[in-house]
Amino acid sequence: MRRCRWAGRDRGSFTAELAAGLPALLLLLFVGLTAVDAVGTKGACLHAAREAAIAASRGADGWAVIRAVAPPGAKVSIDKDGQRVRVTVRAPVRALGTRMPRLMVTATAVAVLEPGPEPFPTAEAVVGGAGAGG
């Protein structure tokens, strides 16, 4: 003899809960992955700014350092203010989805000029795009 279990009042409730909760979980996943990418980009900007500031304070070519370590599409400005060199690196964060607003992260490093030859000229440039250079 076969026993049949008749569906009660909760028939299809799992499907409805999944349909309601899955978009929220996917949104949370996309936000989390974008946040992880933003932290990585911030670290890359900070590394590039620090290395360029040290190179500029020693009188070396800071643009070569920027081209080597800055994230793609980064905007870089190098300013000499008295006895200090300030390097600011701004880079866009790749948000998941093309219609998402662009996020920008910024990192700044300051170094004191060391005695010796004059540092390279200050300027602003975009790394990894058209018009890159220094």
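I count two strands as paired if DSSP finds at least two bridges between them. Helices (H or I, at least four residues) and strands (E, at least two) are DSSP runs, numbered from the N terminus. The model is predicted, with pLDDT of at least 70 needed for local features and 80 or more for side-chain atom pairs, while totals for chains, interfaces and linings use all residues. Residues are numbered from 1 along each chain as its sequence is written, and side-chain values use heavy atoms, without hydrogens and water.

For A91 I found V105 as the bridge partner in β3.

I78 has V87 in β2 as its bridge partner. Between β1 and β2 lie 2 residues, and G82 in this turn has a positive phi of about 65°.

I then turned to α1 (residues 13-57). Its 45 residues reach 66 Å from first C-alpha to last, close to the 66 Å expected at 1.5 Å a residue; the expected span is 1.5 Å times one less than the number of residues. I noted a bend of about 30° at G21, with P23 following within four residues. The bend is the angle between axes fitted to the seven residues ending there and the seven starting there.

After α1 comes G59, with a positive phi near 90°.
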